[in-house]
Amino acid sequence: MTVVTLLLSKASARIADITAFLTAAVTTVIAFMLIGSPVNTYWMGNWFPPFGITLVYDGLSGLMLLIINLIALLSIIYSFSYMEKYTAKPKFYALFLLMLAGMNGVALTGDLFNLFVFLEIASIASYALVGFGVEHQELEASFKYLILGSVASTMVLLGIALVYAMTGSVNMADVASTLAAMPAKTTIAFAAGVFLMGFALKSGLVPFHAWLPDAHPSAPAPISAMLSGVLIKALGVYAMVRVMFNVLGAAPIYLDIMLVLGAISMVIGGFLAVGQFDLKRQFAYHSVSQMGYIVLALGLGTPLGLIGGIFHLINHATFKSLLFLASGAIEHATGTKHMKKLGGLKESMPVTSTTFVIGSLSISGVPPFNGFFSKLIIILACVQAQQWLLAVLASIASVITLLSFLKAMKFSVFGQVPQAIAERIKEVPFSMAFSMIFLAVMCLGIGIAYLVAGPTFTDIFLQPAADVLMDGLENGSANYIATVLGIGG
Amino acid sequence: MSLYVLTMALMGMGIYALIAKRHIIKKIIGIVTMEYAINLFLILIGYRTDGIAPIQDSQISAVELAARAVDPLPQALVLTSIVIGLGTLALMASLAIKLYEKYKTFDMSEINRLRG
């Protein structure tokens, strides 16, 4: 579809819009229809595992596919109007579809090296997209992101090489079954450490977060929404838990490392965000903090912790994308994203400010929005696992998040409109407003759905994903291995 | 064994170039050296002393090939990895050119408008 978009767009730039929209719409509909279907595998080229590459669809993959494609569809709708002010709009769509293909591949693959290839496809497309508006700051941010991302990818490749040396295979299920049968070796522990480093950098966890506050503000707004909403989750958190839990067999030491990384990211991200006056840079630091929440919950290793982590992953995708799209709308209308130059937008931009307030309340964990429920589950899971310090830290980080978003709202939405921008503010075009309204409705809808029909919601969306991870934690991925190596076709 | 140590030393040199040098092109050379060190490591894993190429023709049977040939799977992985490295290098080089046009310097410590 990337190539088709590029070729067709020579005829008219409108075709690129339509092609990108149709692609994302089709994949979203397929991902949505597949929710709840049983676990399935596909052998590429009819080579049976472990000799060929398998694509595996299970609960966790299905959920990731749904989020990735839905947020991508909404970002594409948003960029119909937003990307008009950049040149080479068809090339933007081509890179966007390439990134989307890479992320879908990461979610579906059952082979470690295939994971690396799709990781690189999505990463390289995102390096180019961050520097899309080729000004000073975008290029600098893109170069820094590129260097750090390349180091992370090299580490992942080193880990794959070590795993291959120890087990003789790169198929995930085959590696899992071989590692379960052999005694623990230091090489595998080293490979796990290297994997953790690589994927933690892709997730933006402290101390590997240095690229995130530069890259996310400099990218165009739909790309910021994609980067912060799905890329750091699909390439970072999803790959980390897939490799740690299902392939390497989660030893307690790996879970402890994830707990520590998550805890310090939560706190440091929150503290660094409070002092920011650039709207998008503050949101980027909050992404670091919320990734800390997700990794903390997944590192607890209890069933409630896994559900909390996965639920927060979904919620963060919705509200963080919403916040970045809203900040893009503010920048589109007013020409600035520095908080001290904004103010009083709620009269002249009602849709943007309402959705911005909804997104801020969701991320701060105010009921009845979705952020409240997922943060509550995470804190309860910490208490249940008797990690009192982590529960306290999670609560403190939540309060700091609320504090910084009150600051963001006060400076941008409420207050007086400054004279310099007063006359040219008007509401954003329909395509941008549509995406923001859809995401805001999703924030509220997920929250109310969980409040009203909690067990049903969990059973449909969250439990299959959590079961895959519990399978990896408890019985050495026996179900996963049986699915991939036993049945298939 | 010493080959593995030398490969890791090559990777260490790549990391050193990436961290310690301030010139953008030297950092790019460091990244490329690092990636090639890992490719070399992968090929070394599949190496067998006095092995033959894993190509089957009419003069050798499959069983004998499996006993004497070097492992072809890492070679396939490395082919893919080299191409990925090429793509990354192309992007890095074009970014370096664009950065020079904007900032008029190749010194990374002067390219620091994004701070805090």
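**View 1. Where chain A and chain B meet.** In this predicted model, the contact is built from 26 residues of chain B and 25 residues of chain A. On the side of chain B that touches chain A, the elements giving two or more residues are helix 2 (24-45) and helix 4 (72-103). Helix 4 of chain B supplies the largest share, 14 residues. Sorted by class, this side of chain B holds 17 nonpolar, four polar and five charged residues.

**View 2. Chain B by itself.** Welcome to a chain with four helices and zero strands, whose elements run α-α-α-α from the N terminus on. Its C-alpha atoms fill a box of roughly 65 × 30 × 20 Å along the principal axes. The radius of gyration of chain B is 20 Å, whereas a compact globule of 116 residues would have one near 13 Å. Of the 116 residues in chain B, 23% are buried.

**View 3. Inside the largest nonpolar core.** This core has 209 residues, and Met103(A) and Val106(A) are the ones that touch the most other members. Helix 10 (residues 221-247) of chain A gives the most to the core, with 19 residues. Take a look around Met103(A): leaving out residues up to four places away in sequence, Met103(A) touches Ile68(A), Ala122(A), Val230(A), Leu231(A), Ala234(A) and Leu235(A).

**View 4. A kinked helix in chain A.** Follow helix 19 (residues 430-474) of chain A to Ala453(A), where there is a kink of about 115°.

Definitions and conventions: Residues numbered from 1 in each chain as written. Chains lettered and ligands numbered in written order. Predicted model: local features only at pLDDT ≥ 70, side-chain atom pairs only at ≥ 80, totals over all residues. Contact = placed C-beta atoms within 7 Å. Nonpolar A, V, L, I, M, F, W, Y, C, P; charged D, E, K, R; others polar. Core = buried A, V, L, I, M, F, W, Y, C linked by C-beta atoms within 7 Å. Buried ≥ 20, exposed ≤ 12 C-beta atoms within 10 Å, placed from the backbone. Bend = angle between axes of the 7 residues up to and from the residue. Rg over C-alpha atoms; globule rule 2.2 N^0.38 Å.
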